[in-house]
Amino acid sequence: MSGAIVQIDNVSKQYKGAQQPAISHLNLEIQKGSVFGLLGPNGAGKSTLVMLLCGLLRPDEGSIQVMDLKVGESSAAIREKIGVAPQEIALFPTLTAHENLFYFGRMYGLQTDVLKKRIDEYVNTFGLQDKMHKRVQTFSGGMKRRLNLIAALLHDPSLIILDEPTAGVDVQSRNMILEFLLSLKSKGVTILYSSHFLEEAERICTHLAIVDEGKLLITGIPQVLLGENPDCKNLEDLFLKRTGKTMRD
Amino acid sequence: MKIRATIFKEFLLLVRDPGGMALIFLMPLALVIVMALIQDAPFRDYQEIKLEVLLVDQDNDSLSHKIKRALESSGNITVVNETDLERANKLVQAGDFKASIVLRKGTTQSLKKKTEQLIGKIIRNMGVETPLIDSVEAPAVQLDLYFDPAIKVNYKQALGEGIEKIVAQVQSEWIIMELQSQLSSGENKYPKVKFNPGDMMVVNQQYASDKPKERLALNSVQHNVPAWTMFAMFFILFPLASNFIKEREEGSMLRLRLISGSQFPVIAGKFSFYFFVCMLQFVLMIAVGIFVMPSLGLNKLILGNNVFGILVTACSVGMAATGYGLLIAVFFKTPQQALSFGSISVVILSALGGVWVPVYVMPEVLQTISKFSPLQWGLESFTDLFLRNANTLAILPNTIKLMTFSFVTLIASFLIHKSRIIS
């Protein structure tokens, strides 16, 4: 696995009762230190792939390795090294922001002093310092997204997996999240960024893959891919060229 | 550390849920008080019930006077005189009085004559000369009892037997007196012996207990407080399951699934917290039984002497209730499924366990099935401790069953929860 932090080999997954596989014979490599954009329309299989990487779903066939550990055999060890911000707001609405972060930090096994330091650091970065003792249910969508992201970072993971991290947020929150991701990129942190916001992907991703109907359509460096497709002015053109213009629900 | 964090998190979630708090603490308190009040009368036996009885005394002679005195001295019956038989029948039929006792005119004289004839016949058969009494045998003396059609069978039986007992005592007294009277007639003069049938033999009734002087009778409070406390403890599944499923639906459970090694602390923390809540419920309900019930005119809850046994039983019931709640929470996928199944199953288990009516009044088939209800195990232990002053060894079989039930449900919950992390 030459420099690859994630290696996906011929992975397929079909849910019980589904007509089509969610992921079909997918091969993918994510290099260490890259910001990897996983792009695709709704229902393309992005979230399924994220769940497979975390070991929360078992592939029907194929294998996945994360940081040289095989998913399925070493899922617990893998989860210790990855931070996942799921698409849904995975927080307790009736707890305050501080209580949420403190609880999740404790569940990661962090000691009080380390946890306090990290919480302070991240809430300042994400501009939530004044809201720490407010209940999450009173937060705006953007504030919840930011908090959702912080909860994934508390244990200082080597690989960060973000599933639609900017879905449903205002421009300010989106900008704040993207700025933060760019700062992580400059520090060499590996990020798997699953989204259907192509402008964002173009702005921060060093590598990307476009998937649709569970299949890998294209993968590579954005500029190279655009160079290979001169008829496409940007990623959106490339995306539509590859996935078609049919509506997805 | 992780378990402690989960316990604290569960505490915060519960205290910020006023509905859940009310369901856990206020509803059971209201339930136990209401049930104890409602079931107070049915639980009181004949000895404790005051019955109002009409006496239509057309006889107005020694027999009717003796019956009246005996009934009034029982302490449970209030005798009200009524002269009009027809009116008395209407009052009893309307349920204003539980029964009426009708002594027709001349009842005393008829009974006396019947007694004289009987004794005279006996003595003459023995060859002793006695003054000849009317040789035409008098018919059996009749005393009429009319009951309210809605009277409970046991009250009817007790009242009827009570009257028969009084009449039997009067008869035996008169027989002895008549015997002495006829034997001492003529030349034979013997001093008469005053006879009281009650002096012959006393039936001593008491509860089989190490401390018989303490009042240990089963009453509404002794039954309802432990019974409905356990019912409330098993209803812990409501907040437990709804919080658990809410966490799953809202996504916070997903994050916990993404944290390595968090599953055991999540289950153990929830179990520990809700077990503690169960214990708190138990203490509150027992306190209500001791301090609140008497102020409502009910009996005071008597705990017996085995505090350690009570603690062991309460802990084992709490563990069983929490384990069951946890199993329901992890097994069902929607709150509707979990709460519907959970509440109905607890009602069934409690009915079978003797919470609503004692197991011994159930049909034999249900009595057999009730042996599998954890609430029956708990209730039996509490009854043994509260009413029979049982030692810890005596309650051990039931507490072991409860703890085994708890461990089985806890392990099943953990395995089901873990199996759903990866699909």
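Mentor: Of the 423 residues in chain B, 37% count as buried. Buried means 20 or more other C-beta atoms within 10 Å of a residue's own, exposed means 12 or fewer, partly exposed is in between, and C-beta atoms are placed from the backbone. This is a predicted model: local features need pLDDT of at least 70, side-chain atom pairs count only at pLDDT 80 or more, and totals for chains, interfaces and linings use all residues. Residues are numbered from 1 along each chain as its sequence is written, while chains are lettered from A and ligands numbered from 1 in the order in which they are written.

Trainee: How many helices and strands does chain B have?
Mentor: Chain B has 16 helices and four strands. Helices (H or I, at least four residues) and strands (E, at least two) are DSSP runs, numbered from the N terminus.

Trainee: What does the C-alpha trace of chain B span along its principal axes?
Mentor: About 110 × 45 × 40 Å. The radius of gyration of chain B is 32 Å, whereas a compact globule of 423 residues would have one near 22 Å. That radius is taken over C-alpha atoms, and the globule rule is 2.2 Å times the number of residues to the power 0.38.

Trainee: Now the sheet. What is the strand order?
Mentor: The order is S2-S1-S3-S4 in chain B, an open sheet with mixed pairing. Strands pair if DSSP finds at least two bridges between them. S2 (77-81) and S4 (144-147) of chain B are the edge strands, each pairing on one side only.

Trainee: In which sense do S1(B) and S2(B) pair?
Mentor: Parallel, over five bridges. Leu55(B) sits opposite Asn81(B) in S2(B). H4(B) packs on the sheet and touches S1, S2 and S3 of chain B, with its direction at about 140° to that of S2(B). Such angles run from 0 to 180 degrees between N-to-C directions, and axes are lines fitted to C-alpha atoms, for helices over the stretch in contact.

Trainee: Which strands does H7(B) lie across?
Mentor: S1, S3 and S4 of chain B, running at about 165° to S4(B).

Trainee: Switching topic: why is H15(B) called largely enclosed?
Mentor: Because 12 of its 15 residues are buried. Among them are Trp377(B), Phe382(B) and Phe386(B). The cover includes helices H8 (220-234), H12 (307-331) and H16 (392-419) of chain B.

Trainee: What comes after H15(B)?
Mentor: Asn389(B), with a positive phi near 50°.

Trainee: And H6(B), what covers its buried residues?
Mentor: The cover includes helix H4 (62-73), strand S3 (99-103) and helix H7 (153-183) of chain B. Leu111(B) and Ile119(B) are among the buried residues of H6(B). Just after H6(B), Gly127(B) has a positive phi of about 90°.

Trainee: How many residues of chain B are in contact with chain A?
Mentor: 23 residues of chain B, with 25 residues of chain A. Contact means C-beta atoms, placed from the backbone, within 7 Å. On the chain B side, helix H1 (2-15) and helix H10 (252-257) each supply at least two residues.

Trainee: One residue in chain A: is Glu200(A) buried or exposed?
Mentor: Glu200(A) counts as buried, with 20 C-beta neighbours inside 10 Å. Its place is in helix H7 (residues 198-204) of chain A. Leaving aside neighbours within four places in sequence, Glu200(A) is in contact with Thr166(A), Leu178(A) and Ser195(A).

Key. Two residues are in contact if their C-beta atoms, placed from the backbone, lie within 7 Å.
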